[in-house]
Amino acid sequence: MIADDEKIERKGITALLQMENYDFEILEAVNGKDALRQIKEKKTDILLSDIRMPFMDGLELAREVRKLDPDMAIVIFSGFSDFNYAKEAIRNGVQEYILKPVNPQEFSDTMKKVMKYLDEKNETEELLQKNQDFLEQYFLLKYIRSGKTEVIREAMEVLDVSWWKTVGRMISIEASDSFFENYAGDFEKMLTEELQLPLHYLNVLSGSSLLFFDRSVKVDYHILAKHIHEFVQKSCGAEIYVAVSSMLEGEQAIPEGTKELESLMENRYYRPDQWIFMPDSNWENRENYELPLEMIEKMEEDIRLHDITHLWEHFRRFVECKEQGARFSYIYMNFACTNLVKNMYADMEYPIEKYTDVIEKLFRVENIQEVVEILEQTIHIFETTLFSSQSSSRSEVEKVKSYIYAHYQEDISLEFLGKAVYLSPGYMSYIFKKETGEGISQFIRKFRLEKAKELLCTTNKKIVQICTETGFTNASYFCKSFREFYGCSPEKFRRTEGKKEAV
């Protein structure tokens, strides 16, 4: 912005600026008042102003500009050599004070200083923004993992996390390999530009990321999920799975939304032909006799796949159908539930004479409630039988852990890990989480970071070398993961905490 009441002076400054070969957009104002009005309307980086102008002089303009933007670069021109003007200008945050007539070389030197100041300011702002982004990711991950409301209070002390309260939907994106580690920070930018929707992005693991959408975003989330899948397939040549949460209410629902997404994403092991997973259809949009039939079909599939998690989920939804007064044939439901019971006992290899009395009882019951109770009892028996040998489950989990301990430096996919220990990925994931309380991917990441911490404390190896030796393929991603997990960079940890732990 050039502010001067003399047109010839404004044109002279414009000519000098054009000689500097900077890519400026130049605005002009005939006095301080006019300049202030334009600055309020359009972001301005540099103000070049005369001292003496009608309505509002240059010093008053500088004072008002400082209120709007404390960091704007301000250069004052004056035909007066009075030192008092210079002192007043400096008190108002003016970077440079040039006497008229302007010397071209002096002007050129001044602009170099101004541009250096702006470059340093931008670098500082970028650094602060990166630090803010890191802190937000650190607290968000901590909140998702713990579910503790005190994490919200901790975050609010240093950040503006008000957007957590307005989250309406979450989307999980998972890849079968280290997709996000390979793409580092580029994927967030690519996806944001493609979707053209306001969202918040969080990378959770090397193969998993979360998207957060405000409740005000009104889209068909099934179509959006398909769009994301097709975009990644086309742009990155990768196959990903996409899961969409139910509608969330408030920041307290975020950890539960994450658990729901994890449950939905487990379907990838049982339904390999699907890429998009969403909550079951809304009750109000379906005929109330359709959902009970659908839940029966899903339970049949769950029994076949030994998918206890979803078996209980679909049983619960079946009960909700009944409690909400769904219309269905009692005779048919009795028949369907009897088949479910038979299937479970057959799968457990019970001799038919051992459960004949249960079947006979089902034929004698007079209402659907009794049918539901028998079905529930049988599911309990089915679950207990599948996992009756806790030592066996623990043995299989220990096999998985032992393999991870021995091969953490390598690329370990769940599918490959399952083959290595002779377990299906779905069953392996289920028993591992049931036994340890955390997913296999989280366990691998945590173990790798613990090994990295150990190497930082006990060796002088370079960060890049530690990254490679702990199974990470991307140094910047490794540093980002370390900061998110331990709250500081590997370098800082080595300088501070590492020395303490070594002692």
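Contact, in what follows, means heavy atoms within 4.5 Å, axes are lines fitted to C-alpha atoms, for helices over the stretch in contact, and angles run from 0 to 180 degrees between N-to-C directions. Helices (H or I, at least four residues) and strands (E, at least two) are DSSP runs, numbered from the N terminus.

With that in place, a word on the source. This is a predicted model, in which local features need pLDDT of at least 70 and side-chain atom pairs count only at pLDDT 80 or more, while totals for chains, interfaces and linings use all residues. Residues are numbered from 1 along each chain as its sequence is written, and side-chain values use heavy atoms, with hydrogens and water left out.

Let me begin with the mixed sheet. Five strands form an open sheet in the order β7-β8-β6-β9-β10, and the pairing is mixed, where two strands pair if DSSP finds at least two bridges between them. The strands β7 and β10 stand at the edges, each with a single partner strand, so one side of each is left without a neighbour in the sheet. Strand β7 (residues 199–205) pairs with β8 (residues 208–214) in the antiparallel sense over six bridges, and Asn203 stands opposite Ser209 in β8. Further along, β6 (residues 167–175) and β9 run antiparallel and are joined by five bridges, with Ser172 opposite Ala243 of β9. On to β10 (residues 276–277): β9 runs parallel to β10 and is joined to it by two bridges, and here Ala243 stands opposite Phe277.

How many of the residues of β9 are buried? Five of its five residues (240–244) are, buried meaning under 20% relative accessible area, against exposed over 50% and partly exposed in between, with a 1.4 Å probe and protein chains only. Both faces of the strand are covered, with Ile240, Val242 and Val244 on one side and Tyr241 and Ala243 on the other. Helix α9 (residues 221–236) lies across β6, β8, β9 and β10, and runs at about 165° to β9.

Glu174, which has its place in β6, is buried, with a relative accessible area of 19%; leaving aside residues up to four places away in sequence, Glu174 touches Gly207, Ser208, Ile240, Tyr241, Met265 and Arg268. Leu199, in β7, counts as buried at 18% relative accessibility, and with the same exclusion of residues up to four places away in sequence, Leu199 touches Thr192, Leu211, Phe212 and Phe213. Leu199 and Val167 are 32 residues apart in sequence, and their C-alpha atoms are 9.4 Å apart in space.

I turn now to the parallel sheet. This open sheet of five strands has the order β2-β1-β3-β4-β5, with parallel pairing. Its edges are β2 (28–29) and β5 (96–99), each with a single partner strand, so one side of each is left without a neighbour in the sheet. Two bridges pair β1 (residues 2–3) with β3 (residues 46–50) in the parallel sense, and the bridge partner of Ala3 in β3 is Ser49. Helix α3 packs on the sheet, touching β1, β3 and β4 (73–78), and its direction makes about 160° with that of β3.

Helix α3 (residues 58–68) also meets α2 (residues 32–41): their axes come within 10 Å and cross at roughly 10°. The two helices are therefore roughly parallel to each other, the classes being roughly parallel under 35 degrees, roughly antiparallel over 145, roughly perpendicular from 65 to 115, and oblique for the rest. On the α2 side the contact is made by Gly32, Ala35, Leu36, Ile39 and Lys40, and on the α3 side by Leu61, Glu64, Val65 and Leu68.

The last pair is α20 and α22 (residues 475–486), whose axes come within 11 Å and cross at roughly 95°, and which are therefore roughly perpendicular to each other. The residues in α20 that meet α22 include Arg445, Leu449, Ala452 and Leu456, and among those they meet are Phe478, Phe482 and Phe485. Helix α20 (residues 440–458) has 19 residues and reaches 27 Å from its first C-alpha to its last, close to the 27 Å expected at 1.5 Å a residue, the expected span being 1.5 Å times one less than the number of residues. Among the buried residues of α20 are Arg445, Arg448, Leu449, Ala452 and Leu456.
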